[in-house]
Amino acid sequence: MALLHSMNVSHSTFPLNRSSKILLSSNFASLPLQFNTNVKRLESSVPPPAAASPAFPIDIEYLRREFSGNGATFEDIGETCIAKLKLDNGSSANVMLTRGMITSYKVRVWHGGKVELLHTWVEQEEEEEDVVIRGGVSSAFISSSDSDEINEWRLQGISGVSKDCVQMELRRSDKKIKEIELKQIISLREETLSIELFVTNKGISPIRLEGCSLVSYLTVSTPEATYAVGLEGSDFVETTPFLPRFRVVQGEDEEEKTTGFGGEEESNYKQLNEEMSRIYTFAPKSFTVIDRGRRNSVIVGREGFEEVYMYSPGSRLESYTKSAYVCIGPSSLLNPISLEPACVWRGVLHLHNPNS
């Protein structure tokens with residue numbers, strides 16, 4: 001299976017997102033949207049959720065019995081499993097359950113074939129036997145607890161039909177701050193993959209969402225042939241490559257923040273041939289990433305997030321290999337998101353492929 005191959009990948013300079021372990025210790029206006037605004041107040045009476053998948057460890061036979069069909073299948077990969085979503089037109093997405101991580105997104109392109117849009121690699125943890133999958137698309141959440149215990153995503157349901165849209169809902173709760181509920185909805189359409197994050201504050205005190213991001217690792221032929229189109233005039237802050245983190249803060253505690261050199265994007269056709277790590281603070285809600293080597297493009301759209309994080313390893317990576325990628329995604333890395341009691345915040349990443 002493709003995910004289980006081994007690669008010697010150095011991660012000392014990569015902006016790595018939240019890792020997922022196989023060996024576990026325990027034009028977007030036309031898209032159907034769930035909310036008209038990104039913050040919604042809860043109604044006084046909230047219906048209870050439908051029955052979800054059982055707690056960890058995963059019962060693969062239960063998942064197949066209860067959720068298979070209508071474009072969804074499940075594959076066992078040890079102590080976790082992959083949910084495979086597929087449409088009749090050939091578009092597909094693989095989701096690693098418990099981590100809520102999208103490890104593959106394949107689309108049909110202009111020549112009639114299919115291409116992989118996401119870059120994912122596997123590596124061994126130093127001095128450990130755990131195999132870690134990195135890359136893909138995932139939300140940068142960490143537990144509010146200082147322990148190493150990981151909050152697992154649980155499959156809540158799968159809906160839709162393979163003809164035009166399949167939708168998966170995942171949920172999890174913060175193990176320390178019980179008033180926080182997290183929900184993720186992954187929607188596969190014929191030309192678009194959308195990932196929606198919902199954070200609900202069920203407590204009586206305001207919270208701040210710090211370091212939240214939806215980072216996607218896009219596979220490319222080479223950074224020299226890759227361009228970000230539509231960012232001219234956008235303000236940005238230079239930063240060293242880092243691990244996006246998510247933290248929930250109760251009350252009004254403030255932390256000191258540091259930023260690097262700032263500027264304004266001068267090119268509307270930004271070539272990603274040089275190593276860069278930037279946070280765009282004022283950018284369009286959508287822009288296009290063009291790969292001239294693969295003759296493909298992806299429109300990256302966002303909702304709810306005010307920033308865009310972009311990282312390119314530059315020309316130091318060998319072209320046309322499994323190591324060629326760029327890292328792009330909406331974020332709230334500089335400015336936390338404030339959420340009042342009884343409110344829901346919603347953030348979305350759209351990856352739209354217009355080449356079919």
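The buried residues of helix H1 are covered by elements that include strand E3 (72–76), strand E4 (81–86) and strand E11 (154–161); a contact here means heavy atoms within 4.5 Å. Helices (H or I, at least four residues) and strands (E, at least two) are DSSP runs numbered from the N terminus. H1 spans residues 60–67, and its buried positions are Ile60, Tyr62, Leu63 and Phe67. Buried denotes under 20% relative accessible area, exposed over 50%, and partly exposed in between (1.4 Å probe, protein chains only). Viewed along the axis of H1, these buried residues lie within an arc of 155°, so they line one face of the helix; the arc is that of the directions from the helix axis to the C-beta atoms.

The model is predicted: local features need pLDDT of at least 70 and side-chain atom pairs count only at pLDDT 80 or more, while totals for chains, interfaces and linings use all residues. Residues are numbered from 1 along each chain as its sequence is written, and side-chain values use heavy atoms, with hydrogens and water left out.

The protein as a whole has one helix and 28 strands. Of its 356 residues, 54% are buried.

Strand E24 (296–303) belongs to the surroundings of the second largest cavity, to whose lining E24, strand E16 (212–219) and strand E23 (286–291) each supply at least two residues. A cavity is a set of points, on a 1 Å grid over the protein atoms alone, where a 1.4 Å probe fits but cannot get out; lining residues have an atom within 4 Å of a point. The largest share of this lining, three residues, comes from E24. Among the lining residues are Leu117, Leu218, Val289, Asp291, Arg294 and Val298.

Valine 300 also lies in E24 and is buried, with a relative accessible area of 4%. Beyond its neighbours within four places in sequence, valine 300 is in contact with residues including Leu218, Phe287, Val289, Ile328 and Leu349. Valine 300 and leucine 349 are 49 residues apart in sequence, yet their C-alpha atoms are 7.3 Å apart in space.

Most residues other than glycine have a negative phi. Arginine 295, in the loop between E23 and E24, has a positive phi of about 55°; this arginine 295 is exposed, at 56% relative accessible area. Alanine 342 likewise has a positive phi, near 60°, and is found in the loop between strand E27 (337–339) and strand E28 (343–352). With 28% relative accessibility, alanine 342 is partly exposed.

Technical notes. 1 Å grid on protein atoms, 1.4 Å probe; cavity = no way out; pocket = protein on both sides within 12 Å on 5 of 7 lines; lining within 4 Å.
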